[in-house]
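Dear colleague,

I am handing over the structure below and would be glad if you could look through it when you have time. My notes on what was found in it come after it.

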Amino acid sequence: MDQESAGHHEFPVLGKAYFMGGRASTSVKRVLAAAGIDDEVIQRVSVACYEAEMNVVLHARSGFISLDILPDRIVIEVHDQGPGIEDVGLAMTRGWSSASDEARALGFGAGMGLPNIKDHADDMRIESVAGRGVSMVLTFYLGDRVHE
Ligand SMILES: Nc1ncnc2c1ncn2[C@@H]1O[C@H](COP(=O)(O)OP(=O)(O)OP(=O)(O)O)[C@@H](O)[C@H]1O
Ligand SMILES: [Mg+2]
């Protein structure tokens, strides 16, 4: 529990472990609530984190989510090992999905995750290396929102 008092936290995410999908984002939410972060910010971080976590579960092999609570902002990083995203611009398109039949049968694959992350974060950086994986850095400002 001593990790709880520090500003940096990491939570593992396992690919294909559908039944555990959402655990890391739930942990992020719990840490933010314990730190007394504003509900509106917690909501935005939670939605973005859940979508990013499910993308690791659905599309990658494994990864982790890190959370940093800074005086003026929350920074979430999501790093995975997997196939990467061939065309990030295309993947960001609402409704575009390469989800497997297995994933679709579970209700995923609307192609709304990445656009949803962009809508909920104040800043979104995404990098992909084909055959290696995806890295994402999301920033959420505390206090007044800097931009939509
Ligand atoms: N971490 C990742 N690794 C590899 N490919 C990814 C990753 N995240 C997203 N993608 C690719 O980008 C596409 C769009 O992602 P997005 O989250 O928007 O939709 P989705 O996951 O397919 O469906 P939804 O999120 O609505 O359930 C995915 O179908 C997949 O091809
Ligand atoms: Mg998704």
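Residues are numbered from 1 along each chain as its sequence is written, and chains are lettered from A and ligands numbered from 1 in the order in which they are written.

Confidence and overall form

The average pLDDT of the chain (the predictor's confidence in each residue, from 0 to 100) is 93, and 93% of the residues score at least 70. Residues 1-5 have a pLDDT below 50, and beyond near neighbours in sequence this stretch makes 3 contacts in the model, a contact being a pair of residues whose C-beta atoms, placed from the backbone, lie within 7 Å. Where pLDDT is low, the predicted coordinates should not be read in detail.

The radius of gyration of the chain, taken over C-alpha atoms, is 15 Å, which agrees with the value near 15 Å that a compact globule of 148 residues would have; the globule rule used here is 2.2 Å times the number of residues to the power 0.38. Along the principal axes, the C-alpha atoms fill a box of roughly 40 × 35 × 25 Å. Of the 148 residues, 26% are buried, where buried stands for 20 or more other C-beta atoms within 10 Å of a residue's own, exposed for 12 or fewer, and partly exposed for the range in between, with C-beta atoms placed from the backbone. Among contacts between residues at least 6 apart in sequence, 61% join residues that are at least 24 apart.

Strands and their pairing

The chain holds 5 helices and 5 strands, which are DSSP runs numbered from the N terminus (H or I over at least four residues for helices, E over at least two for strands), and the elements follow one another from the N terminus as β-α-α-β-β-α-α-α-β-β. Pairing of two strands requires that DSSP find at least two bridges between them. On that basis β1 pairs with β2 (residues 62-69) in the antiparallel sense over 7 bridges, with H9 and L67 as bridge partners. Strand β2 in turn is joined to β3 by 8 bridges, again antiparallel, D68 having V75 as its partner, and these two strands form a hairpin with 3 residues between them.

Strand β3 (residues 73-81) is also joined to β5 (residues 133-141), antiparallel and over 7 bridges, and here I76 is partnered by L138. In the hairpin of β4 and β5, which has 3 residues between the strands, G131 takes a positive phi near 80°.

V13 lies in strand β1 (residues 8-14) and counts as buried because it has 25 C-beta neighbours inside 10 Å. Its contacts, leaving aside neighbours within four places in sequence, include A24, E53, V56 and V57, and also F64 and I65. K16, which is placed in the loop between β1 and α1 (23-34), has a phi near 70°, a positive value in a residue other than glycine; with 17 C-beta neighbours inside 10 Å, K16 counts as partly exposed.

S128, in strand β4, is also partly exposed, with 19 C-beta neighbours inside 10 Å. Beyond its neighbours within four places in sequence, S128 is in contact with G84, I85, V88 and V134.

The surroundings of ligand 1

Ligand 1 is surrounded by 24 residues, the closest of which are N55, A91, S97, S98 and G113; a residue is taken as near the molecule if its C-beta atom, placed from the backbone, lies within 6 Å of it. The elements that give two or more residues to this shell are α2 (39-59) and α5 (113-120), and the largest share, 5 residues, comes from α2. By class, the shell has 13 nonpolar, 9 polar and 2 charged residues, where Ala, Val, Leu, Ile, Met, Phe, Trp, Tyr, Cys and Pro count as nonpolar, Asp, Glu, Lys and Arg as charged, and the others, Gly among them, as polar.

With best wishes

Definitions and conventions:
This is a predicted model: local features need pLDDT of at least 70, side-chain atom pairs count only at pLDDT 80 or more; totals for chains, interfaces and linings use all residues. Two residues are in contact if their C-beta atoms, placed from the backbone, lie within 7 Å.
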